[in-house]
Amino acid sequence: PRIEAPEAAPPEARPPEIDVVYLGSFGRAGRRIAVFADDEAIYNAMLGDVVKEQFRLVAIGHESADLGFVDFPDVEAERLAVGGS
């Protein structure tokens, strides 16, 4: 008789690596705009906007911004400091 190997479980899906740097924000309270950049472009986003079709801006702090993941809404957002990725 032939013994079949158990099927390997598919790799667990993970959110993408955040590949933008947070440059800062500007504008009035309640209408702040966060600015992000990568090697190719600059992205301006308001709360709830999607950056690079993968990340959702969920918070803008004094010196940080929190990006969530469009395809992984249950994964905790990641905080980016000004100038950091």
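## Exercises on an all-strand model

F55 is buried, and F69 is buried too. Keep that pair of residues in mind; they return below. The model you are looking at is predicted.

**Exercise 1. How many helices and strands does the protein chain have, and in what order do the elements run?**

Solution. Begin with the count: the protein chain has zero helices and seven strands. Reading from the N terminus, the elements therefore run β-β-β-β-β-β-β. Next, look at burial: of the 85 residues in the protein chain, 24% are buried. Finally, take the contacts between residues at least 6 apart in sequence; 30% of these join residues at least 24 apart.

**Exercise 2. Find the strand order of the open three-stranded sheet, and say which strands form its edges.**

Solution. Step one is the order, which is β1-β2-β3, with antiparallel pairing. Step two is to ask which strands pair on one side only: these are β1 (21-26) and β3 (42-45), the edge strands. Step three is the twist, which averages 25 degrees from one strand to the next. For a closer look, take β1 and β2, which run antiparallel and are joined by five bridges. Within this pairing, V21 stands opposite A37 of β2.

**Exercise 3. Classify each of the aromatic pairs as stacked, tilted or edge-to-face.**

Solution. As a reminder, a pair of aromatic rings is described by the distance of the centres and the angle of the planes. Searching the whole structure gives two aromatic pairs.

- Y22 and F36: the ring centres are 5.4 Å apart and the planes meet at 45 degrees, so this pair is tilted. Y22 sits in strand β1 and F36 in strand β2, 14 residues apart, so the pair links distant parts of the chain. Both ends can be checked for burial against the cut-off of under 20% relative accessible area. Y22 has a relative accessible area of 0%, so Y22 is buried. F36, at 0% relative accessibility, counts as buried as well.
- F55 and F69: the centres are 6.1 Å apart, with 70 degrees between the planes. Planes over 60 degrees apart count as edge-to-face, and this pair is edge-to-face. F55 belongs to strand β5 and F69 to strand β6, 14 residues apart, again a link between distant parts of the chain.

**Exercise 4. Is D66 buried or exposed, and which side chain does the side chain of D66 meet in a polar contact?**

Solution. First place the residue: D66 lies in strand β6. Its relative accessibility is 12%, so D66 counts as buried. Then turn to the partner: the side chain of D66 makes a polar contact of 2.8 Å with the side chain of R79. To finish, list the surroundings, leaving aside neighbours within four places in sequence: D66 is in contact with R56, L57, V58, A59, A77, E78 and R79.

Note on methods: Residues numbered from 1 in each chain as written. Predicted model: local features only at pLDDT ≥ 70, side-chain atom pairs only at ≥ 80, totals over all residues. Heavy atoms only, no water. Pairing = 2+ DSSP bridges. Helix = DSSP H or I, 4+ residues; strand = E, 2+ residues; numbered from the N terminus. Axes fitted to C-alpha atoms, helices over the stretch in contact; angles between N-to-C directions. Phe/Tyr/Trp six-rings, centres within 6.5 Å; stacked < 30°, edge-to-face > 60°. Buried < 20%, exposed > 50% of the residue type's maximum accessible area, 1.4 Å probe, protein only. Polar contact = N/O pair within 3.5 Å; in protein donor to acceptor, adjacent residues only side chain to side chain. Contact = heavy atoms within 4.5 Å.
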